[in-house]
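Colleague: Could you take me through this model, one feature at a time?

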Amino acid sequence: MDITPATAAAPPPLPGSAPASAGQTKAAARPGDRIFLALSRGSGILLLVIMAAIAVFLTIRAANALSHNEGHFFTTFEWRANATPPVFGIAVLAFGTIVSSLIAMVIAVPVAIGIALFISHYAPRKLSTPLSYVIDLLAAVPSIVYGLWGALFLVPHLGGLYSWLDDYFGWTGVFEYNDGAARSLFTIGILLAIMILPIVTSVSREVFLQAPKMHEEAALALGATRWEVIRMSVLPFGRSGVISASMLGLGRALGETMAVATVLSPSFEIGTSLLDPGGGTFAQNIASSFKESGEIGKDALIASGLVLFVLTLLVNGAARLIIARRKEYTA
């Protein structure tokens, strides 16, 4: 009996001819994959729940403090949260936090990129390996150690630098020095730069090491110098990684507590010169004032912590937007 093509049975599919979607569905049906998918999804949801819980807690406690505040929270140059009635504001704290962090970034990021490029593309292996270990160890030093070093060594030895800045740039008013103790926002910026330098260097170094070797070899074959290879191949590839490393360092600079509290001479005044003693940051004020604060005082500190929380989220969000615009350079 002849079998026509219309009634012929279709041959069984070959093992390798199944569509990708069917293979993925079959893999997802495995118990191990389902468990892993559930754990991964649950971890992401748990992280969002924790962040939301922190935000709700900070908002509720901050609202209680703001309802009793007799000053303007964003413009008042005082912090008398334990007074009756309480008067407090974050103008000085916001200024000190942002300015000291920007100083740290301006100093640390170029130096960190230079060190990372030296380790990854210039230094011989006998030098690059121990230097990498030292950089990684510096990232693990506790902040209180940096604070003690800054108070006992850095502050007494910055007088010469401050005098030099006053001699050549004092006319701007920003670097005017009046022979006081070097416990200023500029000193804090230098200390924070030293603290974030290992983080930015380590991440940038690993990103530069992942640059495609074929691109570098092709540039060398065309007669490019080593700097031209770095400028045309390594830096464009590692741009998003350097931005991420810088944001990690900025996050630590914004929230640094003990080192700043050890070195800074706090005051609720904003001077025209960065070399004048005084100023304050969110984290330093919380650490210094929390023990002696009453109920409203603690809620006021939590309100300032909420501002720092939002500021950190905005910084990380901005970094993500910058990186998303340069997806062609991401690995």
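Colleague: How do the residues lining the second largest pocket divide into nonpolar, polar and charged?
Modeller: The model is predicted, so-called local features need pLDDT of at least 70 and side-chain atom pairs pLDDT 80 or more, while totals for chains, interfaces and linings use all residues. Numbering starts from 1 along each chain, and side-chain values use heavy atoms, without hydrogens and water. A pocket here is an open set of 1 Å grid points fitting a 1.4 Å probe, with protein on both sides within 12 Å along at least five of seven lines and lining atoms within 4 Å of a point. Counting Gly among the polar residues, the lining divides into 6 nonpolar, 7 polar and 2 charged.

Colleague: Which helix gives the most to that lining?
Modeller: The second largest pocket has 15 lining residues, and Glu269, Ile270, Gly271, Gly278 and Gly279 lie nearest its centre. Among the helices (DSSP runs of H or I, at least four residues), the one giving the most, with 3 residues, is α3.

Colleague: Which helices each supply at least two residues to the lining of the largest pocket?
Modeller: Among the residues lining the largest pocket are Ile119, Tyr122, Ser128, Ser132, Arg205 and Leu209. The whole lining divides into 4 nonpolar, 5 polar and 3 charged residues. Those supplying at least two each are α3, α4 and α7.

Colleague: Are α7 and α9 roughly parallel or roughly antiparallel?
Modeller: The axes of α7 (residues 185–209) and α9 (residues 226–255), lines fitted to C-alpha atoms with angles from 0 to 180 degrees, come within 8 Å and cross at roughly 150°. Because angles over 145 degrees count as such, α7 and α9 are roughly antiparallel.

Methods: Angles under 35 degrees count as roughly parallel, over 145 as roughly antiparallel, 65 to 115 as roughly perpendicular and the rest as oblique.
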